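Thank you all for coming; I would like to walk you slowly through one structure today.

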Amino acid sequence: MPDNVRPQSGDSRRDLRGSYGPARHHLLTSLFGIEGLHTLSVYRDRGGYSSLRKAMFEMAPEDITAEVKASGLRGRGGAGFPTGTKWGFIPKGVPGPKYVVVNGDEAEPGTTKDRYIMENSPHMLLEGILIACYAIGAHQAWIYLRGEYDGPFGMLMAAIAELRAEGILGDRPLERDYPLDIQIYRGHGAYICGEETALLESLEGKRAQPRARPPFPAVKGAWGRPTLINNVETLSNVPWIVAHGGAEYAKFGLGTAKGTRLVSVSGNVQNPGVFEIELGTSFREVIMEMAGGPPPGRRMKAFWPGGCSAPVLPEWGLDVSTDLDEVARAGSMAGSGGVIVMDDSHCMVRAARRLLQFYAHESCGKCTPCRVGGNWALRTYDRVLEGQGSEVELGTFDAIQESLQNGRCLCALGDSAGFVIASTMKHFRSEYEEHCLEHRCSVEEQVVAASA
Amino acid sequence: MSVTVPRGTLLVEAAKLVKVEVPVFCYHHKLDPVGACRLCLVEISPGPPKPTTACTTPAAEGMVVKTDTPLAVGARADILEYELVNHPLDCPVCDKGGECPLQDYTFRHGYPTSRIDAPRLHFKKPIPLSEKIALDRERCVLCYRCTRYYDEITWSQELTTDERGVHSYITSQFDQPLKSVFSGNIIDLCPVGALTSRVWRFESRPWDMDHVPSVCSRCAVGCNVTLWKRRHQLVRVTSHENDEIDEGWICDRGRFEYTHVNSPDRLKVPLVAGAEATWEAALTALLEGVQGRKLGIFLPQDITNEELFLLRRLVDGPWQDARVALERRTLLAPPQGETLPIKDLDGCKAIVVIACDTADDVPIVNLRVKKAVSKLGAKLLVVHPGHLDLDRWPDTFHVRPNPGETAEAVRRLIGHELLQEGPVGILYGDGHGAEDVDALTQAVVDLAEAVGGRVMPLYRATNERGALGVRLAGRQEDLEGCDAVILWGPGRPPASARFVAAWDSVPRPEHEGADVVLPSATFAETQGSYTNLEGRVQFLRPVLPVTPPLREGWDVLCELGQRLGMPDMDYLGIFHVQRQASRAVELFAPLADPPAPVPNPTPVLYGPARP
């Protein structure tokens with residue numbers, strides 16, 4: 001990793017985990033670590049809010065959307081939908097309010113990138129939000145923030161207060177007659193709140209349960225109004241794109257996935273953290289080099305490339321690149337960029353059971369397959385792990401994973417639970433068979449033998 | 001099979017038109033689709049090769065919908081299997097058994113065997129949601145029909161869901177008993193046995209009952225109901241969807257107030273001076289008692305059109321000076337000119353509700369107003385001194401005049417900005433006696449003229465409109481000064497009464513010490529018809545036989561007429577009365593064409609296709 005720069009010794013930057021600082025491909029994190037970056041004065045000294053100024057005074061709203069389209073930026077929340085296209089879906093010329101809603105409910109296990117952005121450079125996010133508001137014709141933005149994020153909440157509140165005091169938020173931001181406001185709504189601690197329509201329900205004060213689509217939020221979102229919902233990282237890219245142009249952004253990355261992204265590497269690695277990488281970097285580079293690979297004496301066994309909602313990949317997946325389409329071709333999803341690594345001390349049946357516990361617990365209960373299927377699978381795992389499995393349980397796992405996937409559920413949560421079962425069974429079927437048919441766990445035996 | 005449907009028709013409705021069953025739990029044709037239960041999965045092309053919910057997908061030009069591909073069939077069977085993972089399978093003791101979609105669908109669409117080997121989850125049960133409704137959370141499939149009904153249709157957030165995931169359960173808000181007068185509809189809505197009637201609980205099985213569609217006798221709306229009987233007992237009342245009036249909803253009064261029909265105290269034999277007597281003797285005693293005295297007659301609100309017609313003849317003839325009072329009547333006069341039919345509320349752009357608590361007086365009209373406002377975008381204005389449940393709509397414009405000043409407040413609405421766009425519907429009551437009704441009616445008529453609206457007088461008594469049609473709708477006070485009274489229904493004898501004849505189905509404290517007591521038939525037994533508040537004549541269909549010595553009211557009135565020497569009182573049967581009434585009274589013209597005596601059985605659980 002030649003230009004993966006961590007600050008040199010003697011640099012005045014704070015020490016953060018991950019990669020940041022002045023490198024060619026550090027678009028988001030180039031300023032991270034600079035003392036006081038979270039304040040308006042430092043951020044502005046480093047060129048902050050010049051993109052907003054440029055957007056509001058030199059560009060028409062359609063031009064901004066066109067630049068974002070040209071950049072090839074795709075949503076960083078998980079689904080990877082082209083951001084510019086999404087902005088283009090917001091109807092123009094309809095009377096009444098439109099909203100920008102920022103999905104800051106970063107609850108995907110193994111994902112910490114949004115927090116990384118909000119804690120290091122809250123103004124970068126706010127600038128992106130304001131540009132998005134201007135581009136789609138909204139005057140009000142909501143940041144739906146994960147309830148547990150106390151630190152980012154405080155920093156965003158302080159940053160918003162600074163903007164209000166400076167007049168960048170208010171009736172006449174930057175002396176222009178275009179009122180802008182940002183409000184923060186703190187979630188209440190449910191994974192489902194990160195699903196965009198459930199997030200809207202929660203924002204409206206209702207039970208966070210996903211809505212059937214269509215209508216999509218772009219047409220009928222928060223309070224029935226056209227609403228743009230973007231992830232924190234997605235919007236944080238916007239100031240850079242506006243400043244340098246979409247074409248410049250598109251020079252990073254490969255194929256249809258352009259630019260850079262933050263990956264959060266966690267699990268059995270020696271150097272976990274958040275790394276900004278150019279899309280197309282291989283997972284081997286990310287896991288083995290940047291994150292230092294598994295601890296000495298251990299062997300890499302499997303990893304979840306995009307948060308635990310993406311199907312697991314075994315060791316051969318290291319040679320897959322982080323390009324969104326290539327991960328999809330490998331049978332998984334780039335998802336939210338949360339890379340969870342497991343080494344050979346982990347039994348995949350036990351791992352799958354733990355994840356199912358999460359999905360069963362976080363199911364909102366609205367649609368039948370997810371509500372019942374997750375819990376049924378969990379109970380089946382419990383039986384298998386207690387040594388009471390048989391051929392029947394293998395069939396049950398198969399039946400449940402099939403009936404959770406492929407549009408059977410109302411939202412993607414059910415699919416994710418299905419992926420866990422399907423992918424672990426696909427790549428580690430022998431472990432399932434061991435547990436179900438032989439009532440033993442070779443991984444556990446090895447670990448015990450090694451420690452003896 | 002191909003079918004052409006209006007734009008926006010959902011696949012599940014289009015399938016009904018070609019008689020293909022797409023099973024549904026969460027979908028209900030009167031509620032907004034949510035796509036929660038995932039039971040209606042079908043495959044559509046052109047489209048992705050994955051199942052799609054038929055309840056949220058509108059039909060499109062050239063769309064091909066396949067319900068019988070292995071993918072779609074398997075997907076539906078999977079969902080049914082899931083619904084049974086934690087279901088207690090206590091069908092043998094479940095009131096829903098026999099008319100339960102979960103049972104039927106499992107037989108028709110489910111797997112023949114069960115793979116479920118895990119122990120089931122348990123909840124405390126049954127939970128009394130109110131005095132009338134019990135909730136069994138283990139049977140619940142969480143289709144959310146009940147909570148959505150409460151939110152969308154009744155505007156009262158009394159039911160909600162607690163917890164999440166597989167532990168979710170339906171509960172009343174803060175565990176308080178349900179108070180809404182519309183609560184009983186959730187029993188009909190529930191596709192499983194989770195919500196059951198505590199009145200009907202463990203009474204009978206669906207296949208053991210006969211049912212007929214009839215008309216509710218509890219207020220002037222005239223909702224259609226289904227009466228269920230088992231072994232000469234009326235055991236259940238459910239809704240019977242009629243989109244012109246009730247859209248399939250009935251209020252709790254109509255649903256639960258029927259137990260007096262089966263009461264062991266039912267009067268069956270006439271009494272004279274407290275001793276059992278023949279009809280002959282009782283009627284003789286009655287005629288002697290009223291002879292030469294100033295006669296007052298109290299009428300029950302559910303008196304039929306036929307009985308009113310015969311009574312009119314008596315009052316025109318031998319009982320010329322008799323005064324007549326009607327139970328629960330308003331002070332409103334018969335409407336002048338054309339009125340607004342209930343179904344036309346749907347098309348109104350603005351609705352004004354004046355001097356009437358619709359939820360109490362005309363409950364189902366209240367739901368229709370709510371639908372017009374929340375689903376069809378009508379503006380709502382209310383002129384009423386108190387707080388009404390219509391105020392739950394955030395944009396309700398509520399004028400609160402002092403009692404007695406409603407007429408002026410109505411006049412002030414002329415030219416109001418919310419009434420600029422028509423059609424405007426103006427609903428008005430009598431303010432329960434607080435208002436000068438003539439002035440109020442005039443103000444309403446003036447408002448209607450000014451904004452080009454149509455009016456709907458909200459009568460209260462079941463057949464008040466019919467009684468007004470034959471000018472037999474006095475008030476209880478009118479009976480003061482009468483020295484002989486016939487109390488038909490729950491009337492009080494005036495202090496001046498020397499002779500009291502009571503005519504009712506059950507003994508009442510008000511009738512204590514009556515000289516003559518006549519047993520009367522109830523709405524479940526009598527033949528006849530009611531005229532609802534819009535002037536629509538609807539026929540009752542008796543579900544129970546009239547077993548002698550019980551006699552129907554029209555029959556008794558005929559005999560009284562004959563005894564009093566009136567000509568042409570020897571009617572051959574009720575059809576004869578109806579034919580003559582249809583010629584004599586303009587309002588009763590539809591009586592000439594009574595419906596076929598044996599109605600077609602109608603499905604109870606599936607509604608017709610949504611237009």
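This is a predicted model: local features need pLDDT of at least 70, side-chain atom pairs count only at pLDDT 80 or more; totals for chains, interfaces and linings use all residues.

I will start with two side chains, Trp240(A) and Phe252(A), which are both buried, where buried means under 20% relative accessible area, exposed means over 50%, and partly exposed lies in between, with a 1.4 Å probe and protein chains only. Residues are numbered from 1 along each chain as its sequence is written, chains are lettered from A and ligands numbered from 1 in the order in which they are written, and side-chain values use heavy atoms, with hydrogens and water left out.

How many aromatic pairs are there over all chains? The count is 23, taking rings of Phe, Tyr and Trp (its six-membered ring) as paired if their centres lie within 6.5 Å, and calling planes under 30 degrees apart stacked, over 60 edge-to-face and the rest tilted. Elsewhere, ring pairs join Tyr99(A), Trp142(A) and Trp223(A) into a cluster.

Let us stay with α9(A) for a moment. Eleven of its 13 residues are buried, so α9(A) is largely enclosed by the rest of the structure; among the buried ones are Val232(A), Leu235(A), Trp240(A) and Ile241(A). At the N-terminal end, Asn231(A) caps this helix, with a side-chain oxygen 2.9 Å from the backbone nitrogen of Glu233(A), and just after the helix Gly245(A) takes a positive phi of about 95 degrees.

Now to chain B, where Arg236(B) lies over the face of Trp200(B), at 4.2 Å from the ring centre, and its charged end also sits over the ring of Trp228(B), at 4.3 Å from the centre. The rule here asks for NZ of Lys or CZ of Arg within 6 Å of the ring centre and within 35 degrees of the ring normal.

Finally, what does the contact between the two chains look like? It takes 33 residues from chain A and 37 residues from chain B, contact meaning heavy atoms within 4.5 Å. The buried area, that is, the accessible area (1.4 Å probe) that two parts lose on being put together, summed over both, is about 2,800 Å² between chain A and chain B, and carbon and sulfur atoms give 50% of it. Across this interface the rule finds three salt bridges, each a side-chain nitrogen of Lys or Arg within 4 Å of a carboxyl oxygen of Asp or Glu, and Glu83(B) forms a salt bridge with Arg371(A), the closest N and O atoms being 3.6 Å apart. On the side of chain A that touches chain B, the elements giving two or more residues are α13 (348–362), α14 (368–388) and α15 (391–404) of chain A, and the largest share, nine residues, comes from α14(A).

Key: Helices (H or I, at least four residues) and strands (E, at least two) are DSSP runs, numbered from the N terminus. A polar contact is a pair of N or O atoms within 3.5 Å; within protein, one must be able to donate a hydrogen and the other to accept it, and residues adjacent in sequence count only if both atoms are side-chain atoms.
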